[in-house]
Amino acid sequence: MNSWAPVNEPPESAEELGEVVEELRRHLLWQEETGGPVLLADATKLAAERSASLRSMLPPRGAVAKVPPTEPVQAPSSPPRAETPPPAAPPPAAVSASPPAIRAPVTATSNGMLLDVPQQAPRYPGPLPGVVEGERPTLDQIRRELGDCRRCKLCTGRKNIVFGVGNPRADLVFVGEGPGENEDIQGVPFVGAAGELLTKMIQAMGFSRDEIYICNVVKCRPPGNRNPEADEIAACEPFLRSQLLAIQPKVIVALGKFAAQTLLRDTTPITRLRGQWREYQGVKLMPTFHPAYLLRSPAEKRKAWEDLQQVMKIFGKQAGART
Ligand code: SF4
């Protein structure tokens, strides 16, 4: 007998029964070495069933006492059958190798319009990475959880993960879309031309960059500065939500349609979303134009400034110099 294929013929003696069970025992050990506990559990169940079946075929005499037990035993140092080498053991699963589960995946058209997203986000869709239920996470914990992230295809072209920058207890958080070329090189969000404009906007509001926090929906640069795709947003968005849970700001400014639509689970165009107070997990959220868009469409700066002035009122800030 050289496999654990089902036994078709009943054993003729207790010796044969013992041989069968010994064969099963060896197979269990082989499974344990090569297949892990799941296979072992299956094989154990099978062995128990087969052992019971075999016992029922034997006369109830002392021969049964010779049957080796089927309980776990010490594993041998070598495979039981040289002619049937066991397959290579599968590599251990990497911790957090797969994207975190997203209850409400976001889909997008080729022009970046988000579709098929619920109008109301669950309170904390999750589990959120780096977050222990009932505990407020730290940004360091979330960054560690992100690691050398390979959860979406944007990892292939990036130079740096651009996690976020600023005050980890900021009352005001700006959320953008994703890193551009300069951000990718430096590993810091909003340091290119759009970043310069954002810095001016922040200063005009009466804040410094050190006081507030800045991050993006996706942490790696989309190639050629294209829009982030639905699967990329779905993979990275939980980290943004964890960041916001860690910071717990009073106000979020969503810069551009990707930030606004992702956080709000709302497909309304940014031209209609902007300037209207919304709420994200109980936090006031102001959608406005992305600075990169304002660089291309400077006439829209006035509207963005109006949006930011509403934010300033929350903080009792006086209007500063207009950018
Ligand atoms: S974009 Fe986000 S999910 Fe994708 S590889 Fe970068 S950090 Fe990971």
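**Notebook: burial, contacts and the ligand site**

I began with Ala-254, which counts as buried because its relative accessibility is 0%. Buried stands for under 20% relative accessible area, exposed for over 50%, and partly exposed for what lies in between, with a 1.4 Å probe and protein chains only. The model is a predicted one, in which local features need pLDDT of at least 70 and side-chain atom pairs count only at pLDDT 80 or more, while totals for chains, interfaces and linings use all residues. Residues are numbered from 1 along each chain as its sequence is written, and side-chain values use heavy atoms, with hydrogens and water left out.

**Entry 1: Ala-254, continued**

I placed Ala-254 in strand S6, residues 251-255. Strands (E, at least two residues) and helices (H or I, at least four) are DSSP runs numbered from the N terminus. I then listed the contacts of Ala-254, a contact being heavy atoms within 4.5 Å. Not counting residues up to four places away in sequence, Ala-254 touches Val-175, Ala-259, Ala-260, Leu-285, Met-286, Pro-287 and Thr-288. I also took the C-alpha separation of Ala-254 and Phe-289, which is 8.1 Å for two residues 35 apart along the chain.

**Entry 2: the whole protein**

I counted 9 helices and 8 strands in the protein. There are 323 residues, and buried ones make up 43% of them.

**Entry 3: the ligand**

I asked which residues are around the ligand. They are Leu-146, Cys-149, Arg-151, Cys-152, Leu-154, Cys-155, Arg-158, Lys-219, Cys-220, Ala-235 and Cys-236. For this, a residue needs one heavy atom within 4 Å of the molecule. By class, the shell holds 8 nonpolar and 3 charged residues, and no polar ones. Nonpolar here covers Ala, Val, Leu, Ile, Met, Phe, Trp, Tyr, Cys and Pro; charged covers Asp, Glu, Lys and Arg; polar covers the others, Gly among them. I noted that the space taken by the ligand is the largest cavity. A cavity is a set of points, on a 1 Å grid over the protein atoms alone, where a 1.4 Å probe fits but cannot get out. A molecule sits in one if more than half of its atoms lie within 2 Å of its grid points.

**Entry 4: helix H5**

I looked up two residues here. Gln-243 lies in helix H5, residues 230-247, and is buried because its relative accessibility is 0%. Leaving aside neighbours within four places in sequence, Gln-243 is in contact with Leu-139, Ile-142, Phe-163, Gly-164, Tyr-213, Cys-215 and Lys-219. Lys-219 is also one of the residues around the ligand.

Ser-242 is in helix H5 as well, and with a relative accessible area of 0% it is buried. Its contacts, counted beyond four places in sequence, are Leu-128, Pro-129, Val-131, Pro-137 and Ile-142. Pro-127 lies in the loop between strand S2 (114-115) and helix H2 (139-146). Is Pro-127 buried or exposed? Pro-127 is exposed, because its relative accessible area is 61%.

I found Arg-278 in strand S7, residues 278-280. Arg-278 is partly exposed, since its relative accessibility is 28%. Beyond four places in sequence, Arg-278 touches Leu-264, Asp-266, Leu-273, Val-283, Lys-284, Leu-285 and Pro-287.

I then checked backbone angles. Most residues other than glycine have a negative phi. Arg-265 has a positive phi, near 55°; this residue lies in the loop between helix H6 (257-264) and helix H7 (270-273). Arg-265 is buried at 1% relative accessibility. Gln-281 also has a positive phi, near 50°, and is placed in the loop between S7 and strand S8 (283-288). With a relative accessible area of 17%, Gln-281 counts as buried.

**Entry 5: Gly-180**

I located Gly-180 in the loop between strand S4 (172-176) and helix H3 (181-186). Gly-180 is buried, at a relative accessible area of 14%. Its contacts, leaving aside neighbours within four places in sequence, are Arg-221 and Asn-225.

Notes:
1 Å grid on protein atoms, 1.4 Å probe; cavity = no way out; pocket = protein on both sides within 12 Å on 5 of 7 lines; lining within 4 Å.
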